[in-house]
Amino acid sequence: MNAAPDALSFDALRYRADFPLLARRINGKPLIYFDNANTAQKPQAVIEAVDTFYREHNANVSRAVHTLGAEATSAYEGARDKLARFVNAPSRDEIVLTSGTTMATNLVAYSFALPRLRPGDEILVTTMEHHANIVPWQLVCERTGATLKAAPITPQGELIVERFIEMLTPRTKLAGVVHVSNVLGTINPVRELAKACHARGIPLLVDGSQAAPHMAIDVQALGCDFYALTGHKLFGPTGTGMLWARREYLAAMPPFFGGGEMIRTVSFDGTTFADPPHRFEAGTPNIAGFAGLGAALDYVESIGRERIAAYEHELLEYATVALKSIPGLRLFGEAKHKAAVLSFLIEGAHAHDLATLLDQEGVAVRSGHHCAHPLMKFYGVPATARASLAFYNTRAEVDAFVAAIARVRKLLG
Ligand code: PLP
């Protein structure tokens, strides 16, 4: 197999050394962490940023004029600047800091969709969505009499784009698509979908949770209207994330949460609200977390997302060939454009048994429905095991993983 030149020059072992947890042994074996789609490990730079925040800068944001308050505000607002650059947003004011993707999709559901939906209206998503891009829409549909529809996929795990486009009707008020599927690894053609949506006046939301850690994101080039991501999969702390939305949509959205930090004036006769993005950031946020997320973005940028994507693609190809050579192994998701996620089952074995036995071998993979019940239903299985790779994983780990599966297969008999 020919690796891309960038992939060959990529020194995963060098980056791996930046992640203290990856040096652990699990059950007496070197840890092979293949659960990156669930949450990614944190580099020293992120751990230090959180630690330094609490040791040296801790204060609340925006409320205090003292030095520490200014430092905390600058760490928090600095993360907004970095996120804006990270996704190439036209303006930092279009970045709402959230606790993750789930908060971001709920914000769009309650502030954007709920006031606009009428009985008979529709929201269109795809069969491969994570529940975070399904359940918020169901909740607002229930309240309004609107309907949630799902565009079909092929057995290889690719969205049937023509069907998605046909399912956009004059009743469709919003469309949503996952950029990279957390189960199948499929990379969806967001630009094409955005064009089709816009030709019909429909805004498109993109769930970028699994794309952001693995490829360059440019919301202007993608042409979507909302883009959500979550910090903990991006090597940052849990409880951090963002929603990017076009300025005109944010400006027209009422607040979803109320409280401190999001108002201009409050009286018992009525309250006026701050401009976006602060209008959507009520209460004390995860300030230390955003200090850490800022460090995570710097770290990822210092490696280069094109290089990460090239290396991971090569690793994916290597792992795919290796897994397919295992007798009785069924791979879920063989899209042409794919990120390094490998969902699989082995004949006669339950996904949880596989994951438990692999853990004995020091290999961390996830098993379950991956918060994608409709997708499991499509494939007619209750669960899969999933290996999801990151730039700090290596071919040697893939080899050890495949050898571990061979031993597990014997045990399962
Ligand atoms: N969307 C996708 C595709 C995901 O993989 C996940 C997390 O697994 C989410 C949304 C939810 O992210 P969070 O729980 O961080 O809000």
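User: Why does Cys371 count as partly exposed?

Analyst: Buried means under 20% relative accessible area, exposed over 50%, and partly exposed in between (1.4 Å probe, protein chains only). Cys371 has 23% relative accessibility, so it counts as partly exposed. This is a predicted model, in which local features need pLDDT of at least 70 and side-chain atom pairs count only at pLDDT 80 or more, while totals for chains, interfaces and linings use all residues. Residues are numbered from 1 along each chain as its sequence is written, and side-chain values use heavy atoms, with hydrogens and water left out.

User: What is the phi of Cys371, and where does the residue lie?

Analyst: Its phi is positive, about 55 degrees, although Cys371 is not a glycine. The residue sits in the loop between strand 16 (366–368) and helix 14 (373–379). Helices (H or I, at least four residues) and strands (E, at least two) are DSSP runs, numbered from the N terminus.

User: Which residue other than glycine has a phi near 50 degrees?

Analyst: Asn27, where the value is again positive. Asn27 belongs to the loop between strand 1 (25–26) and strand 2 (29–30). With 43% relative accessibility, Asn27 counts as partly exposed.

User: How do you know whether strand 5 is enclosed or open?

Analyst: Five of the five residues of strand 5 are buried, so the strand is largely enclosed by the rest of the structure. Glu122, Leu124 and Thr126 point one way and Ile123 and Val125 the other way, and all are buried.

User: What makes strand 5 and strand 6 a pair?

Analyst: Two strands pair if DSSP finds at least two bridges between them. Strand 5 and strand 6 (residues 147–151) are joined by five bridges and run parallel, so they meet the cut-off of the definition. Within this pairing, Ile123 has Leu148 as its bridge partner. Helix 6 (residues 135–144) carries the chain from strand 5 to strand 6 in a right-handed β-α-β crossover.

User: How is strand 7 joined to strand 5 and to strand 8?

Analyst: Strand 5 (residues 122–126) pairs with strand 7 in the parallel sense over three bridges. There Glu122 stands opposite Thr172, and Ile123 opposite Leu174. Strand 8 (residues 204–207) also runs parallel to strand 7, with four bridges between them; Val178 stands opposite Asp207. Six of the seven residues of strand 7 (residues 172–178) are buried.

User: What is known of the faces of strand 17 and its partners?

Analyst: Both faces are covered: Thr384, Arg386 and Ser388 on one side and Ala385 and Ala387 on the other are all buried. Strand 14 (residues 341–346) pairs with strand 17 in the antiparallel sense over four bridges, and Phe344 has Ala385 as its bridge partner. Strand 16 is antiparallel to strand 17 too, joined by three bridges, with Arg366 partnered by Arg386.

User: How much area is buried between domain 1 and domain 2?

Analyst: About 2600 Å², of which carbon and sulfur atoms give 61%. Buried area is the accessible area (1.4 Å probe) that two parts lose on being put together, summed over both. Arg305, Cys371 and Leu375 supply 28% of the area that domain 1 buries against domain 2, more than any other three residues.

Conventions. Right-handed = clockwise from strand over helix to strand, strands pointing away.
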